Amino acid sequence: MNMPTETDNTATVAACMPDRAGDSPLREVSLFLSDYAAWLLGSGATCIRLERNVDRMADAWGCKVVMTILPRHIHLTVSSPDQSESYTYITATGCYGISFDINTGLSRLSWEVADGRISFNEARRRFADITATPPESPALVLLLASLANASFCRLFGGDWAAMAVVFIATAAGLYMKQLMLGRKADLRVVFMTCAFVSAVLGAGAGLFGLGDTPEIAVGTSVLYLVPGIPFLNSFSDLLAGHYICSFSRFLHAVILTCCLSAGLCAGLLTMNLGMF
Amino acid sequence: MITLDIPLMAWCTVAVIMLALIALRAITAISRHRKAMAYGKSGQCSRICRQETVAPKLKFFEIGSESEELFLPGDKDVTKNDISDEYAD
C-alpha cells in the first residue's frame, strides 16, 4: 500500500486546517478525492467518468471508495483495505461551469496517479494547477461560436446572406450572454434575453429581403443556445443507472430549452413572423 | 396616415442597443488602457485592464445570484454559505 505519508502534506486541500499534526494519510486522501470529485462533477463530467476516475486513483493509493453522487453534492467514504479506518465527506460541487480543459486535465491526472508516475504530493500540486486553468478567451469563443452557427445555417440549406445574418445574430446574442453572465444574471433570464435578441436580429434577413432563405436564418440563429451537453450527460447517466443525476440534468436542460423557446417565440411574435 | 412598422422598430431597437453596448465596452476598455498607460504602468497594463474589467460587478438582473455557465477559476466560494462551528451551540 503506497498511501501518502504525513510528511508530504503541503498542498491545497488541508492547507486551511489550523492543526494538521494529527492528520492521517487516509484523511488526506479522502479530502483530496472529495475535492477532486466535486471539481470533476462541477465541470460537467458524467457520473460514469467520475466513478471510474476516483476508483482508479483510490486503487492506486490502496484504499476503498464508496460514493453517492447527487446533482449538487458528493457523499464520499474512503476506507482502508481492512476497514479499520474510514472517513466520510459530503462536498458541494459548486458552480464552476462546463470546462473541457478541466475535465481532460483531471482525467489525465487520474491516469498518471494510476500508472504510478506521480506521487500524492505531486498529484495535489497538479490538481491545484488544473483547477486554476483560465477559461478560453471570450472574444475567441464569440468568433468561433458565430462561425459555427453560420455553418449550421449552411448545413440546413441557408444561402450566404442568411449565413451572414446568422453570424451577426449569434455574435450579438452570445455577446449579450457573456455580458449578463459576467454580471451574475440568472441563467434562465439570460437564455430568454439572448434568444430574443438573436431571433429579432435573425429576422432581419426577411425584413430587409436579404437572400432567398430568411426562414432558415431565423431558425438557426438561436441554435448556439441549445443545451447540448446537459442533454448528452443526462442520457449518459441514464444508461449508467444514475437516475437521480440523469433526471436532474435532463430537467435542467429542459428548463433552459423552454427559456430559449420563450425568447424565440417572443422574437417571432415581435417581428410578425408565423411560427408554424 | 403614418403606419407603425413594429418589426422594423423592434429590429432597429435591438440593433442599436447591441451596437451601443459594444461601443460602450470598447470605449471603457480604451479609457482604462489609456489610464493605465498614463500612470506609467505599461508593463502591468494588461493586468490592470483585466482587473478593472472584472472588479466592478454591478448587480444588474440579479434575480438569481448565481449562473451555472460562468466559470471563474479559483472562485470556489464554499465558505459563503457555510455554517461554521463558532455558531454552533
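Reply: Here is a close look at the surroundings of one residue, followed by the wider setting.

This is a predicted model, in which local features need pLDDT of at least 70, side-chain atom pairs count only at pLDDT 80 or more, and totals for chains, interfaces and linings use all residues. Residues are numbered from 1 along each chain as its sequence is written, while chains are lettered from A and ligands numbered from 1 in the order in which they are written.

Start with Leu33(A). It sits in helix 1 of chain A, residues 25–42. Helices (H or I, at least four residues) and strands (E, at least two) are DSSP runs, numbered from the N terminus. Leu33(A) counts as buried because it has 26 C-beta neighbours inside 10 Å. The cut-offs are these: 20 or more other C-beta atoms within 10 Å make a residue buried, 12 or fewer make it exposed, and anything in between is partly exposed, with C-beta atoms placed from the backbone.

What does Leu33(A) touch? Beyond its neighbours within four places in sequence, its contacts are Val54(A), Met57(A), Ala58(A), Val65(A), Leu76(A) and Val78(A). Contact means C-beta atoms, placed from the backbone, within 7 Å. Take Ala58(A). It is 25 residues from Leu33(A) along the chain, and their C-alpha atoms are separated by 8.1 Å.

Now follow Val78(A). Its bridge partner in strand 3 of chain A is Tyr87(A). Strand 2 (residues 73–79) and strand 3 (residues 86–92) of chain A run antiparallel, joined by seven bridges. Strands pair if DSSP finds at least two bridges between them. These two strands form a hairpin with six residues between them. In the turn, Gln83(A) has a positive phi of about 65°.

Step back to the domains. The assignment for chain A gives domain 1 (6–131) and domain 2 (138–270). Such bounds come from an automatic or database domain assignment. The two centres, taken over C-alpha atoms, are 35 Å apart. Eight residues of domain 1 of chain A are in contact with nine of domain 2 of chain A.

Last, the cores. A nonpolar core is a set of buried Ala, Val, Leu, Ile, Met, Phe, Trp, Tyr and Cys residues joined through C-beta atoms within 7 Å. The largest has 45 residues, and Val166(A), Ala172(A), Phe191(A), Ala195(A), Val197(A) and Val200(A) touch the most other members. Helix 6 of chain A gives this core its largest share, 14 residues. Apart from it lies another core of 34 residues, among them Met57(A) and Ala58(A). Both of those residues are contacts of Leu33(A).

Technical notes. Two residues are in contact if their C-beta atoms, placed from the backbone, lie within 7 Å.
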